[in-house]
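Let's take a friendly walk through a protein model together. Have the sequence and the 3D view ready, and look up each residue as we reach it.

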Amino acid sequence: MTKLIAFTSIAPVLLLCACLDEVEFDVPNEFQNTVVINGKIVKGNPSTVEVTVQNLFDFAFTGESFLNAQSVQLFDENGHKLNLPVKGPGTYELKIYPNSGFDVEIGNSYGIEVKLFSGQSFESELAELVGVPKMQKLESRLVNKEIINFVSEELEVQPVIEYIVNTSLLSDGLERTNLKWDFNRTYKFTDDSSHVCYVTTVVDADLIESVNESQITSSSLDDYLILEQRISQQMVEGQYTFVIQEALDENAIIFWEQVRALSTNNGTFYEPPPGQLITNLKQSNDTEGSVFGFFYATEHDTLKVYVDSTFIDLSIPVCPRPPRAGPPVCDECCSCPRFFSTIKPSYWIN
Amino acid sequence: MIKLSKTLIVFLLISIGFATISYSQEAQQTLITENFSNQSCKAILSQLQDKYRVRFFFKESELPKRMFDIQFTDQSVDDVLDQLLLNSSLGHYSYRENGIIILPVVDMETEYSAEYYAALDKSVGEPQSTSTSQTQLVSIGNISTLDASGSAIVTGRIIDDQTDEPIIGATVRWVNTDGADVTDFDGNFKTQVPSGSRELLVEYIGYQNLIQVYDVKGNGQLDLRLEKEAVGLDEVTITAQAANSNVEKAQIGVATLSVAEIKKLPAFMGEADIVKSLLLQPGVSSLGEGASGFNVRGGDVDQNLVMQDEAFFFNSSHALGFFSAFNADMVSSVDLYKGNIPSKFGGRLASVMDVKLKNGNNKRWRLKGGAGLVSSRIGLDGPIGDKITVNTGFRSSYADWVLNLIDIPEVQNSSAFFYDANVRINMRFNEKNNLTLSGYSSSDDFVYNNEFGFDYSTLIGNLSYNTTFSDNILNKFSAVYSQYKSSQSQLTGFEGARIGNDINYVKLKDELSITNSNELRIDVGGSAIYYFMKPGVRTSLGDMSTVIPKSLEDEQGLEAAAFANIELPIGDALLITGGVRLSYYQYLGAKSVFQYTDPINPTLATIGEPIQYGDGDVIASYFTPEPRLSLRLKLTDDISIKTGYSRTAQYINQIFNSDSPTPSSQWQLSTEYLKPQTSHNLSIGYFHNFADNNWETSFEVYGRQIDQLYDYRDFANLFVNEHLETELLSGEGRSYGAELSIKKKKGTYNGWLSYTYSRAERLIDGINDGNYYPSNFDKPHDLSLVLNYQPNKRNTFTVNFNYGTGRPTTAPVGNFLTKTGLFVPIYTERNQLRIPDYHRIDVAYTLGKGWKKDKRFQSSWTLSVYNIYGRRNAFSVYYDNTGARKAIANKLSILGYAFPAITFNFEII
């Protein structure tokens, strides 16, 4: 859309009289203080439930957008309920261990109920827990590719790391399922105080990679490219990349495909027209009330792969930082406790 | 003919006998000695008239058709006529000294009025003439054709003095009588006028008034030529806006505008634009600067049938709508049917814009043209021999030259070019046979910063052959070939690709028009259109492109129609125009067609294996009867009420992937799953003229129910999709509104005001929870005000003001954040918001041609300022999610400042 707009400005560009102004809409009442609730239950040992509650925020994000709820509950198809404790602002998480009295099983259905201090109450539809097929292989490989240099905006041949998987699309019931992947990484660096730090982040916050089983005919993905990662100095001391595969039901895959369409639209003519995100939540005490977000039930399968820095031609470490240019973590990585740790993960091999 | 009682007949015979005895003695006494060999009755009568002192009054069509070998020796006139009229139904009687009237016997039994005899008195003894000299008193007809009331039927044709083109909509009025008419599409008129000396006034915008006194003696034919006004920007002329045509015509919802008026309006970049001028009419709107096409009564852009002669366009715009595809210098007439569409037109739901080109000058060659800031035009027209005229026109932009002067890389790497060329050759073999060959070619090419662009082109060839079988029967045959190619390109990056959508069609049409003396008109005919399309071809562009080339199967369709229309006056007050169009459409192979377990609601989830159809196989067919009806009830000469109903069907649609159409929005034939769009259209209006038709007012209300239409699903994948039906949802639509128009046509101060209230809504299961939602073109309020100050014919100042409600849009109203840190925008439901209201004021000054129309070089100037107070009207609103991870809603104003322009027009003869 952006480029369409830009294109339509070509005639005014001729005339040097096109204008681009911010415009303020009168946001319809139904969007004033609209609540967005997202969550999922993941079968595992233990199973986990995570829910976030936030206000739909205007185009300038502030941390105040997250909402603290009066209560957040998980329920199943039999009416069993569990309260979710607060994990952080607007964030609620719960671990459910086996034999806790609340069964988390493939084929069962689950939902959430959220009550706010304002009196608003929201409830999701029941979502069936979908079992995830296991990945047979995760590999990384270094390849040279023509990519755009963000600085020079010119095409350059650069090495990138490609991640490929082999996985079945068949879950336990031999039913084809939709897949979505999340990508995390943990990399190591040594700060200026000689502390060895391990940092865990998402690989690319903007990336949503998924496969809709209805659009492919095979029952498996072989050597399927799921991620390309540019190399960086953060890989110098080594990096583990985690691929988290989850299964989605037919509604959840639509939700995530729509999220991807909305968030990655970069203005080419070929992109689909935008629309309103689907939701499986509703406001229980006001059927006309507006709410966005999605709750789904899934299972994860995670594989990790070590990216060996020895085959990456990198000579500049994260630290020491150059004068006035490096990250503050070089002073003391432990000063940034949220994603940084000096504890060596158990899986780290060297 | 008046039916008389026996008493009256006896009285009549006595009267005639008395008159004969009283006044015909001299004629009776004339003795004739002549010898005629192989001569017609008319020729014999003419020779006798020339040689002897006798005058015959007759209808040539009633005379015996055989040839005579006959000899007269000292025979009386009565004897001569008896022999000539032997075995015919004609009789004769003498009138006064030297007049003899030849009539069917039954006519002779008719009672004649005092006016009849007054006319007869005057005609006897005067030379019979039909001189066209305007310096002499011209006589029309002869007494033998006068009806009993003493009135004559005067028919005729009004044509352009230079081009021989019929002038449509000219007012023909006998001063101080009730006799008046408006010329039809062929320039024909028909009036009834009391005999005697009568003043005829013929008026038409852009032409000099023709005022001529005639001595009306009986029925006759007048073929008149109108000369254009010397002062006027226009040499062409357009439209049918006769003095009282808005009251007289049966058709409701016809928008007309003269090119003379168009050229006085302030124009963007100084280029007179037919489409933009129509936007000032009630019920006609667009999305603003930069939007392709126009919208009629809330209809979509693709629901307008845009015709140039018999060819129709798939894109009526250049430069994304900044210019229209029509070169005003080439245009003869424009009519926009926005209400009831005549049955000879079909294939679109909302309107028909019928543009007629004009022939070249038949007397002399002429070079004409104009130069503006970013485009120019030139044309040449003239005669080749006596029977052939040629008219050519060429327009082109030179925006690239301007772009290169601007020291902004994005601009220098951009280009905007278009051209169009017209040629029209008219061959008049004789009075009854006329052949016209015309061609049209245009191309648009736009590139923005070498990143992306559009290009599209139109090629049209048109042959039409008109045959006049008799005065009352006219046949028009036409054959058209057209080719429209469009594409949009992403020039760089991994998504570098070009997507093309091409349409070819061949159209054949034949139309027969029959009229009779009772003003009854019947039009019958048929047409067939064969479509051949390439619905989608994708090719990769650039070294970085990872796009996989793809091509959809060709598509074919056949749209045939038979139509009939009758225009029937019932008395003076009621005029009925009714007809029917029977349209039949076939979607043809060869093609593979996907099957669905639920074919009513095809989705990817229900898709199955395709069925292969062979070449020419009928995949789907649709038949739609389309009745059309208009009624006009004239309450007084200045007031009428009209109503109209039409059923319309559309077999080819444009699929938009955004809330603003682009030139490359994909055209798609109706298929097995995408059924034709159909609608019911109803309108009713009140028309009232004042001050001798100088003030025109009208108020119309209308409604349209669309039984079948399509809109895309959210997040639809529309490009090069072999199962496009899975991305579209079908439903219904409705539009309704009211239009008010007030117009002052003449005077130092003139102009018009148009106000429209309209709504256009859709109801589609799967969009906005199945509730009605506004269509992309729903603009409830639309106001246009045009004021002209014309102190004399050469100077004109014009101001116009436009206001319109902002159009609906679907826009993001907020964000949420995922756990991984992804910002996700939330959009409203479809078209839930509106962009800010649109308004602007333009001014223009026109210095017309000089007073001397015979000067070899003539020029005119137009100075204009578009958007004089620099209103930053939003063309579109978009969401910028780049940069600092926050989104901002922006509006793009295509013209954000006042824009002055100057245009120079010239003509060399």
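What follows is a short report on a sheet, some charged pairs, a surface patch and one serine.

This is a predicted model, in which local features need pLDDT of at least 70 and side-chain atom pairs count only at pLDDT 80 or more, while totals for chains, interfaces and linings use all residues. Residues are numbered from 1 along each chain as its sequence is written, chains are lettered from A and ligands numbered from 1 in the order in which they are written, and side-chain values use heavy atoms, with hydrogens and water left out.

**A sheet in chain B**

Let's begin with strands, which are DSSP runs of E with at least two residues, numbered from the N terminus. Two strands pair if DSSP finds at least two bridges between them.

Strand β14 (residues 254-255) of chain B pairs with β21(B) in the antiparallel sense over 2 bridges, and Ala255(B) has Leu336(B) in β21(B) as its bridge partner. On to the next neighbour: β21(B) and strand β22 (residues 351-357) of chain B run antiparallel and are joined by 6 bridges. Here Tyr337(B) is partnered by Val352(B) in β22(B). Strand β17 (residues 304-308) of chain B pairs antiparallel with β18(B) over 3 bridges, with Gln308(B) standing opposite Ala311(B) in β18(B).

How many residues of strand β21 (residues 331-337) of chain B are buried? Buried means under 20% relative accessible area, exposed means over 50%, and partly exposed lies in between (1.4 Å probe, protein chains only). In β21 of chain B, 7 of the 7 residues are buried, so the strand is largely enclosed by the rest of the structure.

**Charged pairs**

Side chains of opposite charge can pair when their charged atoms come close. A salt bridge is a side-chain nitrogen of Lys or Arg within 4 Å of a carboxyl oxygen of Asp or Glu. The structure holds 46 salt bridges over all chains, including these:

| Salt bridge | N to O distance |
|---|---|
| Lys81(A) and Glu113(A) | 3.8 Å |
| Lys180(A) and Asp182(A) | 2.9 Å |
| Arg759(B) and Glu761(B) | 4.0 Å |

Lys180(A) and Asp182(A) are both buried. Both Arg759(B) and Glu761(B) are buried too. Salt bridges with shared partners also join Asp300(B), Asp711(B), Asp714(B), Arg762(B) and Arg830(B) into one network.

Is Glu113(A) buried or exposed? Glu113(A) counts as buried because its relative accessibility is 11%, whereas Lys81(A), at 45%, counts as partly exposed.

**A negative patch and a buried serine**

Asp178(B), Glu519(B), Glu567(B) and Asp572(B) form a negative surface patch. Patch residues have over 30% relative accessible area and no salt bridge, with like charges joined within 9 Å. Glu519(B) sits in the loop between β30 (497-515) and β31 (521-540) of chain B, and its 43% relative accessibility makes it partly exposed.

Finally, find Ser646(B) in strand β38 (residues 639-650) of chain B. With 1% relative accessibility, Ser646(B) counts as buried. Ser646(B) and Gly579(B) are 67 residues apart in sequence and 9.4 Å apart in space, C-alpha to C-alpha.

Notes. Patch = residues over 30% accessible without salt bridge, like charges linked within 9 Å, V, L, I, M, F, W, Y side chains within 5 Å. Areas by Shrake-Rupley, 256 points an atom, 1.4 Å probe, with all protein chains shown as cover. Lys, Arg positive; Asp, Glu negative; His and termini not counted. Charge placed at Lys NZ, Arg CZ, Asp CG, Glu CD. Helix = DSSP H or I, 4+ residues; strand = E, 2+ residues; numbered from the N terminus.
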